[in-house]
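Please read these notes with the sequence and the 3D view open side by side. Each numbered point can be checked on its own.

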Amino acid sequence: MLTKEDYQAGQVLLIDKPLTWTSFQAVNKLRWEIRQAFNIKKIKVGHAGTLDPLATGLLIICTGKMTKQINTFQGQDKEYTGTFVIGSTTPSYDLETEIDKTFPTDHITEDLIHDTTNQFIGNIEQFPPIFSAIKKDGKRLYEFARAGEEVDIKSRTVSISVFEITNIDGNSIDFRVICSKGTYIRSLAHDFGKALNSGAHLSVLRRTKIGEFHVNDAMSPEDFIAKLS
């Protein structure tokens, strides 16, 4: 069992983030539980890469002196699995907002779906979703979006090394992606729909790897808390 000194010296905790939790909530919960378990007034705890509330999967949480490694972990490639729904879009590019437009899908074949992935392999230009936490002029983009304000978003170069379709069931397309830091899978869903001459949004997202760390080695927040007692 890890001691107070272990957590202060620095630990890398692999957490399987539950659906609807923010990454900030996960960090706060673990920090509070560590402090309570060892009667510590203050301890550094941070995460190495945000996961949206509607995503599940691997969250690297660092304590103590290991928080200095957060930037290193953030820079590593990430693997995701999930589901795109073709034929409709949402303003947030996922299920946070309601469907705003629908598109024809009769022309979309399985071959077209598989072939279209090739357009997104390598370095690509991607626009982050307006419903994102990126800051512009001191405000987060989602603040502009929720206020209904127009905002100019600049594209960024990201890299995708693997983009494979793992299952097609009607308008639901399961995928696996390995990508660089800063890649938005929601934007990939949106752009993939456009490339199919239709529309698409993200309905399921799970982060499975960060560098060599795998979600199979992660524990739920509840299991972590149980280990503390």
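1. Helix α6 is followed by N197, whose phi is positive, near 55 degrees. N197 is not a glycine, and its place is the loop between α6 and β12. Helices (H or I, at least four residues) and strands (E, at least two) are DSSP runs, numbered from the N terminus. N197 counts as exposed because its relative accessible area is 62%. The classes are as follows: buried means under 20% relative accessible area, exposed over 50%, and partly exposed in between (1.4 Å probe, protein chains only).

2. A word on the source. This is a predicted model, in which local features need pLDDT of at least 70 and side-chain atom pairs count only at pLDDT 80 or more, while totals for chains, interfaces and linings use all residues. Residues are numbered from 1 along each chain as its sequence is written, and side-chain values use heavy atoms, with hydrogens and water left out.

3. N39 also has a positive phi, about 55 degrees, although it is not a glycine. N39 sits in the loop between α2 and β2. With a relative accessible area of 72%, N39 is exposed.

4. Now the overall build. The chain has 7 helices and 13 strands. Its C-alpha trace spans about 60 × 40 × 30 Å along the principal axes. For 229 residues, a compact globule would have a radius of gyration near 17 Å, and the 19 Å of the chain agrees with that. The radius is taken over C-alpha atoms, and the globule rule is 2.2 Å times the number of residues to the power 0.38. Of the 229 residues, 45% count as buried.

5. How much of α6 is buried? In α6, 8 of the 11 residues are buried, so the helix is largely enclosed by the rest of the structure. Among the buried residues are I185, L188, F192 and G193.

6. Next, the salt bridges. Side chains of opposite charge can pair when their charged atoms come close. A salt bridge here is a side-chain nitrogen of Lys or Arg within 4 Å of a carboxyl oxygen of Asp or Glu. The count by this rule is 6.

7. D52 and R186 form one of these salt bridges, with their closest N and O atoms 3.0 Å apart. The pair links distant parts of the chain, since D52 is in the loop between β2 and β3 and R186 is in helix α6 (residues 185-195), 134 residues apart. Salt bridges that share partners join D52, D94 and R186 into one network. D52 is partly exposed at 26% relative accessibility.

8. Why does the salt bridge of D16 and R206 tie together separate parts of the chain? The two side chains meet at 2.7 Å, N to O. D16 lies in strand β1 (residues 12-17) and R206 in strand β12 (residues 200-210), so the pair ties together parts that are 190 residues apart in sequence. R206 is partly exposed, at 27% relative accessible area.

9. K29 and E33 form a salt bridge within a helix. Their closest N and O atoms are 3.0 Å apart. Both lie in helix α2 (residues 23-38), 4 residues apart, about one turn of the helix. An α-helix has 3.6 residues a turn, so residues three or four places apart point the same way. K29 is partly exposed at 32% relative accessibility, whereas E33 is buried at 13%.

10. H201 is in strand β12 and is buried, at 3% relative accessibility. The C-alpha atoms of H201 and P91 are separated by 9.2 Å, although the two residues are 110 apart along the chain.

11. Two surface patches remain. Patches are made of residues with over 30% relative accessible area and no salt bridge: like charges are joined within 9 Å, and nonpolar side chains (Val, Leu, Ile, Met, Phe, Trp, Tyr) within 5 Å. Lys and Arg count as positive and Asp and Glu as negative, with His and the chain ends not counted. The place of a charge is taken as NZ of Lys, CZ of Arg, CG of Asp or CD of Glu. Accessible areas come from the Shrake-Rupley method with a 1.4 Å probe, and for residues only the protein chains shown count as cover.

12. K42, K44, K65 and K68 form a positive surface patch. K65 lies in the loop between β3 (56-63) and α3 (70-74) and is exposed, at 59%. L19, L54 and L95 form a nonpolar patch, with about 270 Å² of accessible area together. L54 is in the loop between β2 (45-47) and β3 and is partly exposed, at 35% relative accessibility.
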